[in-house]
Amino acid sequence: GPLTSFRTYVILSFLASCVCIAHSVHHKKVYYSVMIDLAENKISMTVLGNMCLVCALVFGTMMRQIFLGSLRAAELDRLFEKIWFSLTETCLALTIFREELRFRFIFFFSFLLFVKIFHWLLQFRVDQLHTELSVSRFTQFRILCLMFLLLSVDSLVVVYTMRKILEDGPSFLILFAFEFVILASSATGIILKYLIYIVDVWRNGRWPNKAVYT
């Protein structure tokens, strides 16, 4: 099944990374030389880059399981649509900063997509709350934790990128600062939507003015 295939992929990626590092250590022996060899060897970079992707997937799966549990088929469909649109949109934006396409840029881009995915999943789940008759307190607690975690991450990244822009001048960080400001606004909107849900539940669904706020 898909889970078995994913586990196999993780194991093979880990073994490939170990072999790659061991090969470099065996030939170079000195730490600094090993690092240079790994950074300059295209095969090593590909293998280690793939391992970074695996780590992100594993970490993302753990976060999803902790905060959201299993995903519905409809949520997955909407998620893939948004990922495809986001990738296309970002690739167009990359043309502005094509001279700065380095590891740091790729890291920020991957991190941005990772955080975006959880914003979308959170939005889907909060929208789902409004259609369900009853939701356990534990589920609501997990959703609340994810809300404030994402908002905190967004805020920290905005502060960091703005500080770097002020110190070093304009760079590709402008793009990411703008993106995370949007994400912070989105997270705030999701929190407000959740509060509307809480008020509606508290009033047992009898809230005449609910449509005004939604």
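**View 1. The transmembrane regions listed by UniProt.** An unreviewed UniProt entry lists "transmembrane region" for residues 6-26, 47-67, 104-121, 141-160 and 172-199; its positions are given in the numbering used here, feature names are shortened, and annotations may be inferred rather than shown by experiment. The model itself is predicted: local features need pLDDT of at least 70, side-chain atom pairs count only at pLDDT 80 or more, and totals for chains, interfaces and linings use all residues. Residues are numbered from 1 along each chain as its sequence is written, and side-chain values use heavy atoms, with hydrogens and water left out. Take residues 141-160: that span is 100% helix and 0% strand, with its end C-alpha atoms 29 Å apart. For residues 172-199 the figures are 96% helix, 0% strand and 42 Å between the end C-alpha atoms. Helices here are DSSP runs (H or I, at least four residues), numbered from the N terminus, and strands are E runs of at least two.

**View 2. The largest nonpolar core.** This is a set of 38 residues, in which L122, L146 and M147 touch the most other members. Helices 3 (42-67), 4 (73-94), 5, 6 (137-168) and 7 (173-202) each give two or more residues, and helix 5 gives the most, with 15. A nonpolar core joins buried Ala, Val, Leu, Ile, Met, Phe, Trp, Tyr and Cys residues through side-chain atoms within 4.5 Å. Buried means under 20% relative accessible area, exposed over 50%, and partly exposed in between (1.4 Å probe, protein chains only).

**View 3. K116 and its partner E179.** K116 sits in helix 5 (residues 103-129) and is buried, at 6% relative accessible area. Leaving aside residues up to four places away in sequence, K116 touches S86, E89, E179 and L183 (contact means heavy atoms within 4.5 Å). With E179, K116 makes a salt bridge, the closest N and O atoms being 3.3 Å apart; the two residues are 63 apart in the chain, E179 being in helix 7. A salt bridge needs a side-chain nitrogen of Lys or Arg within 4 Å of a carboxyl oxygen of Asp or Glu. E179 is buried too, at 12%.

**View 4. E75 and R125.** Here's another of the five salt bridges in the structure: E75 meets R125 at 3.0 Å, N to O. The pair links helix 4 to helix 5 across 50 residues. Both E75 and R125 are buried, and R72 joins them in a network of salt bridges.
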